[in-house]
Amino acid sequence: MASEKGCVEIPMVMYEARQEPSAPEYCSQGGGYEYPAPPPYSYRETATVEQPVYLVSQPPVIVAGIFSSRPTSTICPSCRQHITTQVTYRLGKLSYLLCTSLCMVGCCFGCCFVPFFVRIFKDADHYCPYCQFHIYRYKRL
């Protein structure tokens, strides 16, 4: 038996991950090998301490200003820069209503399509010139 021989035999070898395993020593009393004692058992797992993350939300930018069909000076809600808006025009309800009413009056030979080509009858879209964010749509009707 192992206790009678004076040498302690451990059937399982446990090593730390950072240490090189050492060779077992030969026990002269019992004729067997003597293994080093295993490291003390620790219940604690390797825990990483995470730093708290603070999320600071910025207050929303309210687009204040009087928008019309002309470029307007305002603050962009996306990039938060002081800008003068870039205006693009697109067809709106007023353009279609004028075309329909001109066609009913009797301007069927092409004059009814005039509201589709004149900017004062179209809606105006305001965009930021830096980030191309759509800020506002000015509707004529």
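Is aspartate 125 buried or exposed, and what is its relative accessible area? Aspartate 125 is buried, at 0%, where buried means under 20% relative accessible area, exposed means over 50%, and partly exposed lies in between (1.4 Å probe, protein chains only). We'll come back to this residue once the surroundings are in place.

A quick word on what you're looking at. This is a predicted model, so local features need pLDDT of at least 70 and side-chain atom pairs count only at pLDDT 80 or more, while totals for chains, interfaces and linings use all residues. Residues are numbered from 1 along each chain as its sequence is written, and side-chain values use heavy atoms, with hydrogens and water left out.

Start with the overall layout. The chain has two helices and seven strands, and reading from the N terminus the order is α-β-β-β-β-β-α-β-β. Helices (H or I, at least four residues) and strands (E, at least two) are DSSP runs, numbered from the N terminus. Of the 141 residues, 18% count as buried. The accessible surface is about 11800 Å², with 58% of that belonging to carbon and sulfur atoms; these areas come from the Shrake-Rupley method with a 1.4 Å probe, and for residues only the protein chains shown count as cover. As for contacts (heavy atoms within 4.5 Å), take those with a separation of 6 or more: 46% of them are accounted for by residues 24 or more positions apart.

Three strands form an open, antiparallel sheet in the order 5-6-7. Strand 5 (86–90) and strand 7 (134–138) are the edges, each with a single partner strand, so one side of each has no neighbour in the sheet. On average, neighbouring strands here are turned by 25 degrees against each other, direction ignored; axes are lines fitted to C-alpha atoms, for helices over the stretch in contact, and angles run from 0 to 180 degrees between N-to-C directions. Strand 5 pairs with strand 6 (residues 123–127) in the antiparallel sense over five bridges, where pairing takes at least two DSSP bridges between two strands. Along the way, tyrosine 89 stands opposite alanine 124 in strand 6.

Back to aspartate 125, which is found in strand 6. Its side chain makes a polar contact with the side chain of histidine 134 (3.5 Å) and another, of 2.6 Å, with that of arginine 137. A polar contact is a pair of N or O atoms within 3.5 Å; within protein, one must be able to donate a hydrogen and the other to accept it, and residues adjacent in sequence count only if both atoms are side-chain atoms. Leaving aside neighbours within four places in sequence, aspartate 125 is in contact with residues including Gln86, Val87, Thr88 and Tyr136.

Two loop residues deserve a look. Arginine 80 has a positive phi of about 55 degrees although it is not a glycine; this residue lies in the loop between strand 3 (73–75) and strand 4 (82–84). Glutamine 132, in the loop between strand 6 and strand 7, also isn't a glycine, yet has a positive phi of about 60 degrees. Arginine 80 is partly exposed at 35%, and glutamine 132 is partly exposed at 48%.

Finally, the cysteines. A search of the whole structure finds zero disulfides, a disulfide being a pair of cysteine sulfur atoms within 2.5 Å. Cysteine 112 is buried, at 3%, and its sulfur is 4.4 Å from the closest cysteine sulfur, in cysteine 99, which is too far for a bond. Cysteine 103 counts as partly exposed, at 36% relative accessibility.
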